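Reader: Could you walk me through this one? I'd like to start with the sheet and then look at a single residue.

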Amino acid sequence: MSDLTAKVTASPSAWQGVPLPDRLRWTRRHMWLTAATAARLPTLKGVRLAAAVHLDVKAAVFLEAFAAAGAEVAVTPADPATTRTDVADHLRAHMEVFVTGPGRGRPPAERCVAWGPSHTLEMGADITRTAAEHGYDGLRAGVEVTRTGIGTLRDLPLRHPVFDLDRVPLKNHVHNRYAVGISTWQAFMSRTNLTLHGSVVVVVGYGEVGAGLARAAAALGGRVLVAEESAERRLIAEYEGYETGTVEALAPRADILVTATGRDGVVSKEVLSELTAGCFLLNAGHSPREIDLGVLRTGTQVLPHVTCHRPFGKEILLMSGGHIVNLTAGDGDSLNSFDLTAALMVSAVGWMSEHGGRYAPGVHPLPQAAWVASIENY
């Protein structure tokens, strides 16, 4: 773990300062849909489930459900910077927890593969990618939750089927568009004590996450511009009322620039060099690699989760070391909004355990039968 990551994880929010037993009780109370879906899980005895997810308190609810249904579970962080240490410690009573840390040897994904999983549930495909790199052939089926992970999987020589949960309409159009946008700006405002009023907000990428960021920023008083490569999505953004252009053209006008593309290097050295002095730089996508962090070099912490960098002699303010900001600087998606996504994951894993092995190797849409029952009582 880098010094920067250590700093951004060392300053808890008020919510994270609540004792874990109280947070767990409150979380379970408001993730009732996940609990109802878990109650319908088939037996998972014989399943060795390796999960790569963000280890915050919400993850405990669905991971414990798999263990309660009989699965052996191993979990590793989707991003070390989003891991809550108390949650990881709590989960060790129920499952294997592989995290990064001094003296822990191999990377967590490698340790998960060595553990011998039969199935996966992932946000980012790190376990499946590692399994492919090491020639591990024990996987029977997997579920991938993120667009970034699906992109990674399409480049791998898969020996088993993996099901795309990100394209499930309720995940893509509800979670991605609404939950992430709101929680990102909540994290920004709580950590800086600034609102968006009067600020030019450049949203890089206009998929569902980008659309949610733009909508929420406009509602909070920002003047929103959208940087998008796709002509189709630029047109959609323009119909929503936003000025559009390339990231190179719009970045010099930004007071706040936020990425949501799932692609590496979108904010390049050239883009960084054109940012105005004092511009905030945030990432709302899966990976900090969306920003060329090497150009920024080491910064100086000015607030918890905010570092100042001067690679071109002018100040750039980076949030959370470029890691996904709503989970590192904030508390992630709200309990009630993430409840829907967690219920979809629980339902998908239950379906996968019974039916996934019938599919050919490769990436497949997650069938409606795998998730529709999870929302019957919503």
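Reader: What is the strand order in the open sheet of seven strands?

Author: Quick background: this is a predicted model, where local features need pLDDT of at least 70, side-chain atom pairs count only at pLDDT 80 or more, and totals for chains, interfaces and linings use all residues. Residues are numbered from 1 along each chain as its sequence is written, and side-chain values use heavy atoms, with hydrogens and water left out. Strands here are DSSP runs of E, at least two residues, numbered from the N terminus, while helices are runs of H or I, at least four; two strands pair if DSSP finds at least two bridges between them. The pairing in this sheet is parallel, and the order is β3-β2-β1-β4-β5-β6-β15.

Reader: Which strands stand at the edges?

Author: Look for strands with a single partner, because one side of each is then left without a neighbour in the sheet. Those are β3 (96-97) and β15 (362-365).

Reader: How many bridges join β4 to β5?

Author: These two, residues 119-122 and 141-144, run parallel. One of the pairs is His 119 with Ala 141. The number of bridges is four.

Reader: Is Lys 58 buried or exposed?

Author: Lys 58 sits in helix α4, residues 57-68. Buried means under 20% relative accessible area, exposed over 50%, and partly exposed in between (1.4 Å probe, protein chains only). Lys 58 has 3% relative accessibility, so the label is buried.

Reader: Which backbone oxygen does the Lys 58 side chain reach?

Author: The distance is 3.1 Å. The backbone oxygen belongs to Asp 331.

Note on methods: Polar contact = N/O pair within 3.5 Å; in protein donor to acceptor, adjacent residues only side chain to side chain.
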